[in-house]
Amino acid sequence: MAAILSGANLNFHTLRYVSERCEIGENREALLAVTMPEQPGSFLKFAYVLGNRAVTEFSYRYADDKRACVFVGVRTTNEQEKADIIADLTKNGFDVEDMSDDDIAKTHVRYLMGGRAANDNERLYTFEFPEQKGALLKFLETLQNRWNISLFHYRAHGADYGNILAGFQIEECEQAEFEQALAQLNYVFEDVTESKSYRYFLR
C-alpha cells in the first residue's frame, strides 16, 4: 500500500477546467454555434434533430426577430459522431459552425452568452431539470410554441438535477395560464424576474 501526498496547486475549480478541456480534447463533447430562424418551433425542431443525444450546454439570448444563434454542447464518443450531428443539423436547415477547437469559445464566449434585449414583456424563471435524456424535449413539447423563449442557459455539472435559467415573452394577462403549463412539467421552477442580476445585466 502506498500513500501519495501532492502539493500541486490544484483545487476543485481547476479540476473543472481540466475536465472540460479533456472532454473536448478526447472528442467527448462537441461545441457548436447553431443559427436558426427566430420563430416559434425552431427550438423544438432543433431538439427533435438532436434526439436522445446528451446536451451538456445550451446558451441562447434573443437578439432580433430574424435569427437566433445558440451555443450548444453535445456529448460525443468520437469525431465521427460529431460529424454526424453537424450533418443532421445541416440537413434539417440549421447553419452550424464547429467551435470545439476555438479557444475563445471555450475560454470566454461560453460564459458570456447573454446581454440585454428589448423585451418589455419578458419574465425570467429558474428551473430544476432532471439530468436525463428527454428533459429538454419534454419542456419544449409542454409549452407547445405557445410562448416565445427569449433566453435559455444550461450547463451540465454531473448532478441529479440541472439548473436552468430561461426567459419568456409573456403578456401579463397570460401569466396564470403560463404557470399552469409549467406546473404540468413537475419541474421545480421560480419566477426571478425581480432579481438584481437580471435588472443590471439582462433586461
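Which residue lies over the face of F94? The answer is K45, at 5.5 Å from the ring centre (a charge sits over a ring if NZ of Lys or CZ of Arg is within 6 Å of the ring centre and within 35 degrees of the ring normal). Welcome to a predicted model, in which local features need pLDDT of at least 70, side-chain atom pairs count only at pLDDT 80 or more, and totals for chains, interfaces and linings use all residues. Residues are numbered from 1 along each chain as its sequence is written, and side-chain values use heavy atoms, with hydrogens and water left out.

**The sheet**

- An open sheet of 8 strands runs in the order β4-β1-β3-β2-β6-β7-β5-β8, with antiparallel pairing (two strands pair if DSSP finds at least two bridges between them; strands are DSSP runs of E with at least two residues, helices runs of H or I with at least four, numbered from the N terminus).
- At the edges stand β4 and β8 (188-191), each with a single partner strand, so one side of each has no neighbour in the sheet.
- From one strand to the next, the twist averages 25 degrees.
- Strand β5 (residues 122-130) pairs with β8 in the antiparallel sense over 4 bridges, and E128 stands opposite V188 in β8.

**Helices across the sheet**

- Helix α2 lies across β1 (29-37), β2 (55-61), β3 (67-75) and β6, running at about 145 degrees to β1 (contact means heavy atoms within 4.5 Å; axes are lines fitted to C-alpha atoms, for helices over the stretch in contact, and angles run from 0 to 180 degrees between N-to-C directions).
- Helix α6 lies across β5, β7 (161-169) and β8, running at about 10 degrees to β5.

**Aromatic pairs**

- The count comes to 19 aromatic pairs (rings of Phe, Tyr and Trp, the last by its six-membered ring, pair if their centres lie within 6.5 Å; planes under 30 degrees apart count as stacked, over 60 as edge-to-face and the rest as tilted).
- One of them is F46 with F94: the centres are 5.8 Å apart and the planes at 75 degrees, so this pair is edge-to-face.
- F46 lies in helix α2 (residues 42-50) and F94 in the loop between α3 (79-91) and β4 (95-98), so the pair ties together parts that are 48 residues apart in sequence.
- F46 counts as buried at 1% relative accessibility, and F94 counts as buried at 5% (buried means under 20% relative accessible area, exposed over 50%, partly exposed in between, with a 1.4 Å probe and protein chains only).
- W147 and F178 have ring centres 5.1 Å apart and planes at 80 degrees, so they too are edge-to-face.
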